[in-house]
Amino acid sequence: MFDFHGLFTGFDIAFSLVNLLYAFIGALVGTAIGVLPGLGPAATIALLLPVSYKIGSPVTSIIMMAGVYYGAMYGGSTTSILLNIPGEAASVVTCMDGYQMAKKGRAGAALGIAAIGSFVAGTIGILGLTFIAPPLAEIAIRFGPPEYFALTVLGLLMATYLGGGSAIKGLIMVVVGLLMGMIGLDPISGAVRFTFGNVNLQGGIDFVTVAMGMFGVGEILYNLEKTEGVQLVTDKVKNLWPTLADFVRSRWAIVRGSVIGFLVGILPGGGAVLSSLLSYATEKKVSKHPEEFGQGAIEGVAGPESANNAAASSSFIPLLTLGIPSNASIAMIFAALLIQGVTPGPFLLKEHPDVFWGVIASMYIGNAMLLVLNLPLVGVWAQLLRVPYAYLAPIIALFTLIGVYSVNNSAFDIWLLIVTGILGYLARKLNFETGPLLLAFVLGPILERALRQSLLISAGSPAIFFARPISGAMMAAAVLFILGNLWASWKKSRESKVQPASVS
């Protein structure tokens, strides 16, 4: 039976003055970051990780981090519609029809339906999180080392293939992330490895340093190269409330987008970007007038915006129940929980029910806050777009350096920050996805520990991963997933070779 007492306790925690304040700060910062092109939620949460050291309560810090994450999903639509530049990666699809609506003088309607669709989808996603997460956590308690190994392998594979970039490049980043996660002391024997005689590396590389380097310094360097000016399609946004005809056209797009986003958001590597793409393709396929898409169809704004917000909510399910982050932003929140001494996973509900239910309850409140922040203040966000990134970059860099140093008071961490920042910059320049590296860095120790514990249990036999029902099913899914992607790649290459021959 559903634990209503736990949910009511969560609302009692979320409605405390300090948690309401941090939920508002998270939603406000997230919206601003979503509006400003360049930074995304992963980079922002990475920059805020040192702050989580200073916040006394784990639930308060995670409430703020979660607000930044789903707030960025809201704010990204503003830039996409007014500038034709996605403020956040998940809003790239919104540019297609949102900007065309703005050029036709309907920027207000596009922004309005994006905010309303986001609110509805976010609420649906949180409801799904509320009712699905607790029973899933009960099932996950039965997981042993073989199940965790299989789950982690499947998660890394899906994050690599579903990330949207090259699968080969994704696998390279996963390997680099796994190697970085192995630096320091062996978790089983305690032997020192990959330190090259440097005492500072014996404790491993700090996650905060890697995250702030890859997503903070790396993003700053990459975005400083952009020279295009910012020119709004309109200075004043009017008629924010969509018409009745707009609501009628968008109602099923919002529902379908919410369902697609919720389901895709649970998958590792799926997240908001993939869900918005799938939602747009679905709306175009079911529409009676597909030729209108790309010309200012309001369904092309409502569906994807609903999908990415539902995905933002549902991506907390694998984090809170299995301890597996599904994307880079959730990996940051995973790290913030560990910093506070809280281990995400199946025992979170039993050991820290205040964190579990407090965060879920705060998402209902934060979702309502975002609706208020986005509709009445859209003019303010539009003016924020005029701030040159060259002014913001030095401030962000300064906070990054101070934040990394404050974690361990170590000058060595500053050098690591610079190295990982250059690595992140080069990865962006060469079109390597940085998300798989960060996920592998987080999941690597879990993967290694589960692998070695499983082999100790089975006296070295790998058959244990296939003999147990749950781990066997997940390993089979991983094999099928690889074979399916290899088949799709082979078929695509074959078609590309046949097509020129038929044309000639």
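**Exercise 1.** Determine whether Asp206 is buried, partly exposed or exposed, and state where Asp206 is found.

*Solution.* This is a predicted model, in which local features need pLDDT of at least 70, side-chain atom pairs count only at pLDDT 80 or more, and totals for chains, interfaces and linings use all residues. Residues are numbered from 1 along each chain as its sequence is written, and side-chain values use heavy atoms, with hydrogens and water left out. The relative accessible area of Asp206 is 21%; since buried means under 20%, exposed over 50% and partly exposed in between (1.4 Å probe, protein chains only), Asp206 is partly exposed. Asp206 is found in the loop between strand 2 (192–193) and helix 9 (207–224), where helices (H or I, at least four residues) and strands (E, at least two) are DSSP runs numbered from the N terminus.

**Exercise 2.** Identify which residues Ser250 is in contact with, leaving aside its neighbours within four places in sequence.

*Solution.* Ser250 lies in helix 10 (residues 244–266) and is buried, its relative accessible area being 0%. With contact meaning heavy atoms within 4.5 Å, the residues that Ser250 touches beyond those neighbours are Ile113, Ile298 and Ala302.
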